[in-house]
Amino acid sequence: MTVWIDTELCNGCKRCVKACPYEGVEIRDGKAYILERCTSCGACLETCKQMAMQTDAKPRVIPDFSDWEGVWVFAEQRGGELNTVSLELLGKAQELAGTLNQEVSALLLGSKVAKLANTLIAYGADHVYLAENANLKDYRTIAYTNVMEELVAKYKPNILLMGATHIGRDLAPRVSRRVGVGLTADCTELSIDPEEGILLQTRPAFGGNVMATIANRYSRPQMATVRPGVMEALKKPENKGNVIRHKVSLTQKEIGTKVLDIVREAKKAVNLSEAKLIVAGGRGVGDAKGFKVLQKLAGLVGGEVAGTRVAVEEGWIPADRQIGQTGQSVKPELYIACGISGAIQHRAGMMNSRYVIAINKDPRAPIFQVADWGIVGDLHKLVPEMIKQLKSG
Ligand SMILES: Cc1cc2nc3c(=O)[nH]c(=O)nc-3n(C[C@H](O)[C@H](O)[C@H](O)COP(=O)(O)OP(=O)(O)OC[C@H]3O[C@@H](n4cnc5c(N)ncnc54)[C@H](O)[C@@H]3O)c2cc1C
């Protein structure tokens, strides 16, 4: 593709100069001029109101996707137990499908897992595609990818959502590659574009400094992963759904791997996404001893202790208690942030909390922008006072 300028039409408005990410256009003698740096990316074309930026590229045609229908959720299970992220995704899927006037389906893969279909229906699935086979008992990448690929090719979903869990992070990119579509990982918000009816997938980008919204116009299904604790499960007890069995023929040879043993970690990682109350600390807490005080407060109100990446890096709390972009996402009823500045990477993990109380000695700390109640002061005085009052009350 080549880009050139019709100097008769150009009025030197500089829109193209601003639009070019490569500084490949400048104004010379009142007209736009393309420099050698131009990569023909086309960013300038849409901004030119005079139609002076010209190209020999043919506009990309959006294929007809009218036979790709439905919002699908991969129902992740281990040992016959559903991961709650799948139920949360079904909640979001109901909203998306409602906007699109389409139906919600869950994909259930495993061995002897049929009984889980009722739960999926009670959380909003209109259909459950059930693939049962002894070779699907424990998660194996190739086995699950093969079945997912078959299901997508046969039933053509519009949208496919998966949890950003250990399994989801392994499976989603494999499936997206197999079916030839893009994948937006770790979305924090999903919605439908009211004009084009396509999925808008929002996620942190550039180290969490901006929220980017990504859309896929040119291929189906539109695929996204979402971390546990970000979306809301939505029970629909009266829902009637049906189970569609998918016949699986997998051979050990094509799978290529065997599960010899499953070694469970002795210490179960804490699941903060279920916590109703969280007392979180940051650098302002000062040391591990400071976190003992937060622990006391959390114990009194039946909550969990968590913290920022700084608190983890300092070794004051274990890594599985980190909240944020590279930690856990939580949505408690109450989040008490102590000595936390409120960096965007931290807020990404706690912004769905119902109520936030922030304690910080700096009145300009960004955490106050997301707090329902802000207390400007020293946490080393305020937290013991809270404990004292709770004990006396
Ligand atoms: C790619 C990337 C991913 C990241 N992921 C995460 C993540 O998942 N989670 C995360 O948390 N961070 C993450 N970070 C780090 C993030 O940018 C911040 O550096 C971090 O959140 C800051 O932690 P903090 O609030 O504890 O410390 P600081 O920013 O240093 O803030 C400490 C606060 O404590 C206050 N304070 C100090 N003493 C007291 C006192 N006695 N009483 C009351 N207030 C006091 C200060 O006024 C200050 O506001 C990430 C960064 C990057 C680049």
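Okay, let's start with two helices: H7, residues 288-301, and H10, residues 379-392, which pack at an angle of about 30° with their axes 10 Å apart. Keep in mind that this is a predicted model. Angles under 35 degrees count as roughly parallel, so H7 and H10 are roughly parallel to each other. Their crossing is left-handed.

Who makes that contact? On the H7 side you've got Val-293, Leu-294, Lys-296, Leu-297, Leu-300 and Val-301. H10 answers with Val-383, Pro-384, Met-386, Ile-387, Leu-390 and Lys-391. Sorted by class, the residues of this contact come out as 10 nonpolar, no polar and 2 charged.

Now over to another pair, helix H4, residues 141-155, and helix H5, residues 166-179. Here the axes come within 9 Å and cross at roughly 45°. That angle means H4 and H5 are oblique to each other. And which hand does the crossing of H4 and H5 have, left or right? It's right-handed.

As for the residues, H4 brings Thr-141, Ile-142, Tyr-144, Thr-145, Asn-146, Met-148, Glu-149 and Val-152. They meet Asp-170, Leu-171, Arg-174, Val-175, Arg-178 and Val-179 in H5.

I'll look at the second largest pocket, which holds about 530 Å³. How many residues line the second largest pocket? There are 27, and the ones nearest its centre are Arg-283, Thr-308, Gly-339, Ile-340 and Ser-341. The elements giving two or more residues to this lining are helix H8 (309-313), helix H9 (344-350), strand E20 (355-360) and H10. By class, the pocket lining has 8 nonpolar, 14 polar and 5 charged residues.

Last stop, the backbone. Most residues other than glycine have a negative phi, and most peptide bonds are trans. Here are two spots to look at with that in mind. Arg-220 and Pro-221 are joined by a cis peptide bond, with omega about 0°. You'll find Pro-221 in the loop between strand E14 (210-214) and strand E15 (222-226).

The other spot is Glu-23, where phi is near 50°, a positive value in a residue other than glycine. Where does Glu-23 sit? Look in the loop between helix H1 (15-19) and strand E2 (25-28).

Technical notes:
Residues are numbered from 1 along each chain as its sequence is written. This is a predicted model: local features need pLDDT of at least 70, side-chain atom pairs count only at pLDDT 80 or more; totals for chains, interfaces and linings use all residues. Side-chain values use heavy atoms; hydrogens and water are left out. Axes are lines fitted to C-alpha atoms, for helices over the stretch in contact, and angles run from 0 to 180 degrees between N-to-C directions. Helices (H or I, at least four residues) and strands (E, at least two) are DSSP runs, numbered from the N terminus. Angles under 35 degrees count as roughly parallel, over 145 as roughly antiparallel, 65 to 115 as roughly perpendicular and the rest as oblique. A crossing is left-handed if the near helix is turned anticlockwise from the far one by less than a right angle, and right-handed if clockwise. Contact means heavy atoms within 4.5 Å. Ala, Val, Leu, Ile, Met, Phe, Trp, Tyr, Cys and Pro count as nonpolar, Asp, Glu, Lys and Arg as charged, and the others, Gly among them, as polar. On a 1 Å grid over the protein atoms alone, a cavity is a set of points where a 1.4 Å probe fits but cannot get out, and a pocket is an open set with protein on both sides within 12 Å along at least five of seven lines; lining residues have an atom within 4 Å of a point. Grid points are joined across faces, edges and corners, and a volume is the space filled by probe spheres set on the points.
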